[in-house]
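Please read the following points alongside the model.

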Amino acid sequence: VDIVGSGPSSKVVATLASGESVEVLLYGATVTSWKSNGGKTENLWLSEKAALDGSKAVRGGIPVVFPVFGPPPKDHTTSSLPQHGFARSSRWEFLGKSASEDALGSNSVKLDFGLYTSGLSEDARKAWPLDFGLQYSVTLAKDSLQTVVSVRNEGGQSFEFQFLLHTYLKVKDISKVSIKGLMGVEYVDKVLNASTHNQSDMDLKITGEVDRVYKGIPQDTTTVVEDEKPRFDVVRDNLQDTVVWNPWTEKAAAMGDFAPKEGFKQMVCVEVGTVNGWQKLEKGEVFEGGQTIKSFL
Ligand code: BG6
């Protein structure tokens with residue numbers, strides 16, 4: 001494990017003996033690269049114009065969304081926060097690494113990051129004046145990446161939050177991609193005026209702008225299939241919702257940090273989280289949730 005650079009662009013890099021690697025920017029604890037297949041396959045899409053200097057949330061990789069998803073609602077404790085909250089644009093602490101080997105001799109490395117009330121900008125602390133502690137563990141194994149958060153209420157009163165892992169999965173050609181494991185699930189379609197629908201097709205194909213919040217998903221796994229072969233399994237752990245997002249032509253063109261402009265053909269966001277209503281934590285309570293992404297390449 002190496003800490004590369006200093007200041008706002010420093011990142012933690014870990015590599016397994018077999019070549020797989022992960023890179024985590026301290027800014028946002030954003031995973032910006034995850035390579036499997038002996039280091040030959042990059043699994044995460046990262047914009048060529050993503051800010052990696054701490055000036056702006058990263059466009060790509062795995063930004064952490066907390067304590068609110070999307071634009072905050074009116075009349076809520078999160079109302080004064082920016083879209084998707086402050087976790088993705090705060091500098092986290094690196095708490096250390098631990099390596100382990102399973103019974104079959106397969107190695108993994110776990111990197112731990114922390115963000116506490118004391119680490120927030122003054123603006124964020126003012127906008128959300130609650131005492132909390134976030135721990136975020138990123139575990140790299142041969143064919144998988146696990147990212148898990150624990151949220152602790154460190155204050156004297158209860159608080160409410162939402163949490164989501166805004167994963168940008170990299171694909172070769174979006175026209176050959178379908179997403180499975182959402183059949184029968186109710187979703188809010190943000191492209192269609194936040195109307196509610198039911199996923200009636202087994203396969204979700206991305207042929208235009210998609211921005212859907214699938215709610216209360218009973219099954220654990222969402223599978224991204226490319227060229228009729230499984231490409232990723234995204235497994236939810238104590239998280240019931242999943243957002244599927246692709247900005248497509250116009251929205252991609254409107255984002256200054258989205259490059260290349262045709263890059264939306266090489267990505268799809270499958271974002272696991274708890275964003276339907278609020279998680280409530282009483283003082284001293286802890287919530288834990290996360291994902292394991294398996295790469296088949
Ligand atoms: C998704 C939302 O999670 O994030 C979209 O569902 C939003 O509505 C997208 O456009 C990107 O958000 P941002 O703040 O990173 O541009």
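1. By class, the shell around the ligand holds two nonpolar, four polar and three charged residues, where Ala, Val, Leu, Ile, Met, Phe, Trp, Tyr, Cys and Pro count as nonpolar, Asp, Glu, Lys and Arg as charged, and the others, Gly among them, as polar. Surrounding the ligand are Gly 70, Gln 83, His 84, His 166, Lys 190, Asp 211, Val 243, Trp 245 and Glu 271, a residue being near if its C-beta atom, placed from the backbone, lies within 6 Å.

2. This is a predicted model, in which local features need pLDDT of at least 70 and side-chain atom pairs count only at pLDDT 80 or more, whereas totals for chains, interfaces and linings use all residues. Residues are numbered from 1 along each chain as its sequence is written.

3. The unreviewed UniProt entry places the feature "active site" at His 166 and Glu 271, although such annotations may be inferred rather than shown by experiment. They span 106 residues in sequence, yet no two of their C-alpha atoms are more than 4.7 Å apart, so they gather at one spot.

4. His 166 counts as buried because it has 24 C-beta neighbours inside 10 Å, the cut-offs being 20 or more for buried, 12 or fewer for exposed, and partly exposed in between, with C-beta atoms placed from the backbone. Glu 271, with 25 such neighbours inside 10 Å, is likewise counted as buried.

5. Of the 77 residues in the largest nonpolar core, Leu 169, Val 244 and Val 268 touch the most other members; such a core is a set of buried Ala, Val, Leu, Ile, Met, Phe, Trp, Tyr and Cys residues joined through C-beta atoms within 7 Å.
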